Amino acid sequence: MELRNITLRNFRNYEQLYLEFSPGVNLIVGQNAQGKTNLLEAVSYLGSGRSFRAQKQGEMIGFGADFADIEGEIFSQERLQKLRWVLFSGQRPRQIWRNGAKKKTTAEINGVMSTVLFCPEDLMVLKSGASARRRLGDSALCQLRPNYDAALTEYNRILEHKSRILKDHFENPTVLEILPEYNARLCQVGALLISYRARFYQSLGTEAAKFHMAFSGGAEEFSLQYQTVSTVRDPFAPVDALTEALQEHLQSHYRAELESGQCLTGPHKDDFEVSLSGINLKAYGSQGQTRTAAISLKLAQRELHRREFGEEPVLLLDDVLSELDPVRQDFVLNQIKTGQVFITCCEPGRFTKLGKTIEIEKGRVL
C-alpha cells in the first residue's frame, strides 16, 4: 500500500494543503504545535474513518470552518484508488467517497489503505489502564474486520442507552421496563466482540512473541492473555454460548447496577495482560522491558495487517523514535525497510538519511 498524495482543506490547522509522498520513508519535521501530528491524523483517518485523537468529528474541522475535506490517492490492490472524506460541523453526517462514488459505510473502503500508528503513549500502554489497551486492540480490529467495526459501534450505542436508563431510573422508575430489551441485545452484540477479540489477541500474541524473541536475543518469552468477564470460561466458544455466559454475569450484577446507576459488566471492561517468562509485565516489568514489549506488539499488528491484505500497511511513527534509546531505535528502523512509513520528528537534522524530508510550520510546508 502506498499513499501517493493527500489534499487537506480546513483540517485542523491546515487551511489548504497538497502533498506528494515517497513510497518509502517520509520524515515530517517541525517544532511542536506546527501540525505534524495533525498530518498523521489525516493520513490515518483517510484509510480508516477513525481518529486516534478526536472524540468528536467537529474537533478535526478548522476554526471557523463549516467542513473539513481529506482526499488522497492510494496505490493498493494493484491499482490506483482515491478516497475522500468530508466532515461537517453540527449534526450533519460525514461523507465517504471511493473512486468518485459515494459510500455508506467504512466497510466499503476496507483494505484500500490500512495504517498502523505508533505514538509515545503506546510505549507505556502495557503499564496504563485497561481502556488504553482496549483502544489499541479495537483500532487494529476495526481495520482488519469491518464486521467488528459495525458490532463495536452498535455495542457502544446500546451501552449508551443502557447507561442513560440506569441513571434516569432513580427519578423515573418506569424506564426500567425497557432495560431487559437492552440487556439482551447488549449480550448478543457483546458476544460477537469477545469472539473477534479472542482470535485477534491469540494471533497478535503469537506474532509479538516472535519479534520479542528476536529483540531480546531469546532471553525472554513473551505471552499475551486476553481477559474478559469471569463467566466466559472459553472465549473461543460459539457465539450463542458466549451470549449465555454474558447473560449469566449480567444477571448476577443486576442489583448492583441498579443501585450504582452504572453498567458494571460486559466486554467494554475487557483487557489483556502481557507476561515475560511468566512474570506479569504491568506489575513487575522494567521501563525497558515495557517499551520492548510494546514495540513487539506494534510490529506484530503490522504483520497481521500485511498477512490479511497481502500488502504492507502504511506505518505511522508519531515522534516515537526520540523516546527510544539507540538499541531500540535501531531495532525499529531495521523493521521498516519495506513499505511506506511516516515519521514525525522535532529535530530537523535527525534521521534525514532515512528518506524524503517534509518540513512543517504553522500548517504549511516550507
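1. A pocket is an open set of grid points with protein on both sides within 12 Å along at least five of seven lines. Keep that in mind for this model, which is predicted. Its second largest pocket has a volume of about 460 Å³. The lining counts 18 residues. Nearest the centre of this pocket lie Arg50, Arg94, Asp149, Ala150 and Thr153.

2. Which element gives the most to that lining? Helix α4 does, with ten residues. Sorted by class, the lining of the second largest pocket holds seven charged, six polar and five nonpolar residues. Asp149, one of the residues nearest the centre, is also among the buried residues of α4.

3. Now take α4 itself. The helix has 23 residues. From its first C-alpha to its last, α4 reaches 34 Å, close to the 33 Å expected at 1.5 Å a residue. Its buried residues are Tyr148, Asp149, Ala151, Leu152, Tyr155, Ile158, Leu159, Lys162, Ile165 and Leu166. Note that Lys162 is in that list. What do these residues pack against? Their partners are α3 (130–144), α5, α6 and α7.

4. Helix α6 covers residues 239–252. It has 14 residues and reaches 20 Å from its first C-alpha to its last, close to the 20 Å expected. Leu242, Thr243, Ala245, Leu246, His249 and Leu250 are the buried residues of α6. Viewed down the helix axis, these residues fall within an arc of 165°, so they line one face of α6. On the other side, Asp240, Glu244, Gln251 and Ser252 are exposed.

5. Where does the buried face of α6 go? The buried residues of α6 pack against α4 (146–168), α5 (179–215) and α7 (254–260). The buried residues of α4, in turn, pack against α6 among other helices.

6. Helix α3 should span 21 Å for its 15 residues at 1.5 Å a residue, and its end C-alpha atoms are 21 Å apart, which agrees. Is α3 enclosed or open? Eleven of its 15 residues are buried, so α3 is largely enclosed by the rest of the structure. The buried ones include Arg133, Arg134 and Asp138. Cys142 and Gln143 are buried too.

7. Rolling a probe the size of a water molecule over the atoms shows where empty space is left. How many cavities of 30 Å³ or more are there? The count comes to three. The largest cavity holds about 120 Å³ of space. Of the 14 residues that line it, Gly47, Ser48, Asn110, Cys142 and Gln143 are the closest to its centre. Helices α1 (36–48), α3 and α4 are the elements that give two or more residues to this lining. By class, the lining of the largest cavity divides into seven polar, five nonpolar and two charged residues.

8. Gly47, one of the residues closest to the centre of the largest cavity, is found in helix α1. Is Gly47 buried or exposed? At 10% relative accessibility, Gly47 counts as buried, because the cut-off for buried is under 20%. Leaving aside neighbours within four places in sequence, Gly47 is in contact with Leu83, Ile109 and Met113. Thr174 is 127 residues from Gly47 in sequence and 44 Å from it in space, C-alpha to C-alpha.

9. Gly266 is another glycine to check. It lies in the loop between α7 and β10 (271–276). Its relative accessibility is 6%, so Gly266 counts as buried. Beyond its neighbours within four places in sequence, Gly266 is in contact with Tyr155 and Val229. Tyr155 is one of the buried residues of α4. Gly266 and Pro23 are 243 residues apart in sequence and 43 Å apart in space, C-alpha to C-alpha.

10. Finally, look at two backbone angles. Most residues other than glycine have a negative phi. Gln77 has a positive phi, near 55°. Its place is in the loop between β4 (67–76) and β5 (79–88). Gln77 is partly exposed, with a relative accessible area of 33%. Asn99 also has a positive phi, near 55°. Asn99 lies in the loop between β6 (95–98) and β7 (101–103). With a relative accessible area of 38%, Asn99 is partly exposed.

Definitions and conventions
Residues numbered from 1 in each chain as written. Predicted model: local features only at pLDDT ≥ 70, side-chain atom pairs only at ≥ 80, totals over all residues. Heavy atoms only, no water. Helix = DSSP H or I, 4+ residues; strand = E, 2+ residues; numbered from the N terminus. Expected span 1.5 Å × (residues − 1). Buried < 20%, exposed > 50% of the residue type's maximum accessible area, 1.4 Å probe, protein only. Arc of directions from axis to C-beta. Contact = heavy atoms within 4.5 Å. 1 Å grid on protein atoms, 1.4 Å probe; cavity = no way out; pocket = protein on both sides within 12 Å on 5 of 7 lines; lining within 4 Å. Points joined across faces, edges and corners; volume = space filled by probe spheres on them. Nonpolar A, V, L, I, M, F, W, Y, C, P; charged D, E, K, R; others polar.
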